[in-house]
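Subject: Handover of a structure and notes on what was found

Dear colleague,

Please find below the structure that I am handing over to you. My notes on it follow directly after.

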Amino acid sequence: MGALDLLLVGLVVLLGLCGVLLPGVPGAWLVWAAVLWWALTDARPAAWAVLVGATVVLLLSRAVRWALPARRRGAPGPDGRLLAYGGGGALLGFVLLPVIGAVPGFLGGIYLAERLRLGRHGAAVAAVRTAMRSGGSGVLTEFVACLLIAGAWLGAVLAG
């Protein structure tokens with residue numbers, strides 16, 4: 001697989017990561033489709049191992065999202081600004097403290113957005129709780145799964 005193809009696959013993975021944070025965009029499936037595209041054009045066993053792992057992680061994330069409590073009726077989900085801050089925090093946390101850093105990073109990003117908006121610690125903590133109850137936990141689950149898939153893909157590409 002050439003450098004241009006790898007760049008295109010990487011862009012689709014990045015688009016999928018952003019798509020997880022946008023309502024109505026099948027971000028997780030875009031990430032999986034990018035890994036599928038890469039595995040079909042790269043005949044190495046590592047590519048197929050990453051594809052199988054990505055499929056398992058994606059299906060597990062779907063099962064976890066299904067097991068989570070349902071969103072409260074009538075409560076709107078977290079808005080785009082909160083999800084952007086949360087996604088940035090999760091990405092930063094994932095890089096600084098691999099895998100487990102994504103969860104506190106996501107929560108910290110949402111807290112920062114709410115602290116800037118509301119100005120008080122107590123109100124920001126309550127807003128984070130509300131955001132997580134109204135759909136943020138499902139977004140976090142899917143985003144962490146996509147970060148794991150993207151990390152495995154990037155690791156396999158860099159390993160050569």
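Which residues are buried in H1? They are Val 9, Val 13, Gly 16, Leu 17, Gly 19 and Val 20, where buried means under 20% relative accessible area, exposed means over 50% and partly exposed lies in between (1.4 Å probe, protein chains only). These residues cover an arc of only 165° around the axis, which puts them on the same side of H1; the arc is that of the directions from the helix axis to the C-beta atoms.

Before going further, please note that this is a predicted model, in which local features need pLDDT of at least 70, side-chain atom pairs count only at pLDDT 80 or more, and totals for chains, interfaces and linings use all residues. Residues are numbered from 1 along each chain as its sequence is written, and side-chain values use heavy atoms, with hydrogens and water left out.

Helices (H or I, at least four residues) are DSSP runs, numbered from the N terminus. H1 comprises residues 3–20, which is 18 residues, and reaches 26 Å from its first C-alpha to its last, close to the 26 Å expected. The expected span of a helix is 1.5 Å times one less than its number of residues. The face of H1 turned away from its buried side carries the exposed residues Ala 3, Leu 4, Leu 7 and Leu 15. Helix H2 (27–41) and helix H6 (121–159) are among the elements that cover the buried residues of H1.

Leu 6 is also found in helix H1. With a relative accessible area of 24%, Leu 6 is partly exposed. Its contacts (heavy atoms within 4.5 Å) are with Met 1, Trp 38, Trp 153 and Val 157, not counting residues up to four places away in sequence. Leu 6 and Ala 127 are 121 residues apart in sequence and 40 Å apart in space, C-alpha to C-alpha.

H2 has 15 residues, and from its first C-alpha to its last it reaches 21 Å, close to the 21 Å expected. Its buried residues are Gly 27, Ala 28, Val 31, Ala 34, Val 35, Trp 38 and Ala 39. These cover an arc of only 135° around the axis, which puts them on the same side of H2. The cover over the buried residues of H2 includes H1, H3 and H6.

The 17 residues of H4 should span 24 Å at 1.5 Å a residue, and its end C-alpha atoms are 24 Å apart, which agrees. Buried in H4 are Leu 82, Leu 83, Gly 86, Gly 87, Gly 89, Ala 90, Gly 93 and Phe 94. H5 and H6 are among the elements that cover them.

Leu 83, in helix H4, has 5% relative accessibility and counts as buried. Leu 83 touches Leu 21, Pro 78, Phe 106 and Val 139, not counting residues up to four places away in sequence. Leu 83 and Ile 110 lie 27 residues apart in sequence and 7.2 Å apart in space, C-alpha to C-alpha.

Val 99 is found in the loop between H4 and helix H5 (102–118). Although Val 99 is not a glycine, it has a positive phi of about 65°. At 39% relative accessibility, Val 99 counts as partly exposed.

Two further buried residues

Ser 61 lies in helix H3 (residues 45–67) and is buried, with a relative accessible area of 4%. Ser 61 touches Thr 141 and Ala 145, not counting residues up to four places away in sequence.

Glu 114 lies in helix H5 and counts as buried at 2% relative accessibility. With residues up to four places away in sequence left out, Glu 114 touches Arg 81, Leu 82, Gly 119, Ala 124 and Ala 127.

The second largest pocket

A pocket is an open set of points on a 1 Å grid over the protein atoms alone where a 1.4 Å probe fits, with protein on both sides within 12 Å along at least five of seven lines; lining residues have an atom within 4 Å of a point. About 200 Å³ of space lies in the second largest pocket, a volume being the space filled by probe spheres set on the points, which are joined across faces, edges and corners. The elements that give two or more residues to its lining are H1, helix H4 (80–96) and H6. H6 gives the most, with five residues. The lining includes Gly 10, Phe 94 and Trp 153.

Yours sincerely
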